[in-house]
Amino acid sequence: MNIAQPNTYRAGPDETGRFGLFGGRFVAETLMPLILDLEAAYEAAKEDPEFQAELADLGKHYTGRPSPLYFAERLTTHLGGAKIYFKRDELNHTGSHKINNCLGQILLARRMGKTRIIAETGAGQHGVAAATVCARFGHPCVVYMGTTDVDRQKPNVFRMKLLGAEVHPVTSGAGTLKDALNEALRDWVANVENTFYIIGTAAGPHPYPAMVRDFQSVIGNEVREQLMEAEGRLPDALVAAIGGGSNAIGLFHPFLDDRDVAIYGVEAGGHGLDQVNGHAASMSGGSPGVLHGNRTYLLQDGDGQVLEGHSISAGLDYPGVGPEHSWLKDTGRVTYVPATDQEALEAFQLCTRLEGIIPALEPAHALAHVMKLAPTMAKDQIIVMNMCGRGDKDVFTVGDVLGVDL
Amino acid sequence: MFWALIFEAADVSETTRIDRRFAELKKAARPALMTFITAGDPDMETSLAIAKALPAAGADIIELGMPFSDPMADGPAIQAAGRRALKAGQTMVKTLEMVRAFRETDQDTPLVLMGYYNPIYIYGNDRFLADAKEAGIDGLIVVDLPPEEDEELCLPALKAGLNFIRLATPTTDDKRMPAVLRNTSGFVYYVSIAGITGTKAPDSMAVSEAVERIKRHTDLPVAVGFGVSKPEQAAAIGRNADGVVVGSALVRAVEATLDDENRATDRTVAAVTEVVEALAQGVRACRLMAAE
């Protein structure tokens, strides 16, 4: 589907929280007053220099920003095409980009006088980041996590517990990220007076998609400056992995109006797009629907029942995607492609051996596309890929697949 | 605003079974007992048999749940009912077939479809409204469509002659109440707890105050649900509410009679009607109790 091209891709959402057809506020009435309060509080915070200064200070001294922009020289030589840079957000405190968003939301929760924090998590990266900011600011934290994910992400489960969070295993559905989100929403409805829900990705009801995007845009803004310094120009291509899409929108958004920058979002192709319910590529293999507060591309059956999806990566194993990505797909501004479990595993190993960087399985999907893209580009062209998480948490999963008993 | 004017005019000439039922009950000076079951739980044939048995057991209005994979506002009992129905092959098409089959023998009991937006959206909004109306549905309750999203389904539903019943909650303050009530028809559904279905018991004093508060804003009947399971509770709430909704207690009665593979047994229908009979007694006695 292609729709009329806007003058700018950076103006959304509109006042109803829509990016074209997508987004919105599809929530129960119990939550609606709070969602409106949150929107007002966020709009005020955004314009408040004190809020922005506190966030920037925490980013610098707590997270370790700016994260480096690293030229992956051996990988570039190996692939024989465009120059490949990694945005090293895996070097952040807690090991992924998730901390950028959690710091923003915890400051907002405090401004709103909310004392109890809840979060959902798939791979555990967002859960760890949420538990971390709760420890830092002294708030109780409950993290909902599907039982399947609890099993495959044990190190992160223990990390959250060490940080003082309560981890609630969710048994409904397939026990993955979608089910964790449902359970977090149920908690929120029941504890709406004192509870702030730190959503981990750029999805959910308005204003979450825009708010999370804004907190993650520090990634793309830094890349602009760092690449100007290193190369004196903008990149030719950006590549990032898409689960809900927060690391990707954070990298992409500052470049959306630079039409010469090609942008690629890489979805989890799982066992392949031809496998029914065997992938988590909601845009490449789904259709528009309404779930978790917004309209977006969803994996669903013909009766509107949402499918579970599959990916080797617990962080990409989500049947929806942030609504702004759905709109960017339909406008054609961003190209969304799948990478399979197998391709991600190969990229994981290649990066580890050639660069001495163990990527998380999520950015390994992005890297799988870089491996296809770089050789088709000229040697003086530049790709920036978001290395959004480190792979320590995934060594058990990868060991399993490679037949190594840890 | 344009639509709102037209609907006010239309409401006068076209009343639904819901409007007529509340008018009758007002004359009888008692609140409505509204019963929720999930369509297709544990299978379509059994849930149709339950639905057909509900009016004789004392149900004044029937809410039929449209099963959904991700019921964010429901507690464990109704979540499980939805899973059983989906596993048994329930679809929107079958739910509407069930409604037609119900209407073959009952032209009077109001039927309300309750659920989440996505299965409706995927069925196609216009097609859904036309088919639901034709099948004999009187109203809709769609949990994840707040007034901010009225243009999606609420306004087209009113135009199609269906009631669109809105949820008001403990977090809906006086400032927001008019927005929630605008474009609402049939009745207002007061969610008695901040929470999910069938988990906490509501405080009947607080509910009574909330019902009075809503009645200051509207002439529509006010029904109360989300935590009501026992006849005494139903009686207490029914003293000033115009309707009492019970769902999880019925769904639990279904669950308790199933065999090891979640199949219906010869106890299933009777177990539900027994619960409803007890609730109906509570609801019918409540205004007498209040008068004493």
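Good morning. I begin with a contact in chain A: the charged end of Arg136(A) lies over the ring of Phe137(A), 4.5 Å from the ring centre. A charge is said to sit over a ring if NZ of Lys or CZ of Arg is within 6 Å of the ring centre and within 35 degrees of the ring normal. Lys83(A) likewise lies over the face of Phe71(A), at 5.1 Å from the centre of that ring.

A word on the source. This is a predicted model, in which local features need pLDDT of at least 70 and side-chain atom pairs count only at pLDDT 80 or more, while totals for chains, interfaces and linings use all residues. Residues are numbered from 1 along each chain as its sequence is written, chains are lettered from A and ligands numbered from 1 in the order in which they are written, and side-chain values use heavy atoms, leaving out hydrogens and water.

I turn to the aromatic rings. Over all chains, the structure holds 15 aromatic pairs; rings of Phe, Tyr and Trp (its six-membered ring) pair if their centres lie within 6.5 Å, and planes under 30 degrees apart count as stacked, over 60 as edge-to-face and the rest as tilted. Tyr42(A) and Phe215(A) form an edge-to-face pair, because their ring centres are 5.7 Å apart and their planes stand at 75°. Since Tyr42(A) belongs to helix α1 (residues 32–46) of chain A and Phe215(A) to helix α9 (residues 208–216) of chain A, the pair ties together parts that are 173 residues apart in sequence. Helices (H or I, at least four residues) and strands (E, at least two) are DSSP runs, numbered from the N terminus.

Are these two residues buried or exposed? Tyr42(A) counts as buried at 3% relative accessibility, and Phe215(A) counts as buried at 6%. Buried means under 20% relative accessible area, exposed over 50%, and partly exposed in between (1.4 Å probe, protein chains only). Ring pairs also link Phe26(A), Tyr117(B) and Tyr121(B) into a cluster.

Lastly, consider strand β5 (residues 116–121) of chain A. Because 6 of its 6 residues are buried, β5(A) is largely enclosed by the rest of the structure. In a regular strand the side chains alternate between the two faces of the sheet. On one side of β5(A) are Arg116(A), Ile118(A) and Glu120(A), and on the other Ile117(A), Ala119(A) and Thr121(A), all buried. β5(A) runs parallel to strand β8 (residues 195–197) of chain A, joined by 3 bridges; two strands pair if DSSP finds at least two bridges between them. Ile117(A) has Phe196(A) as its bridge partner in β8(A). Thank you.
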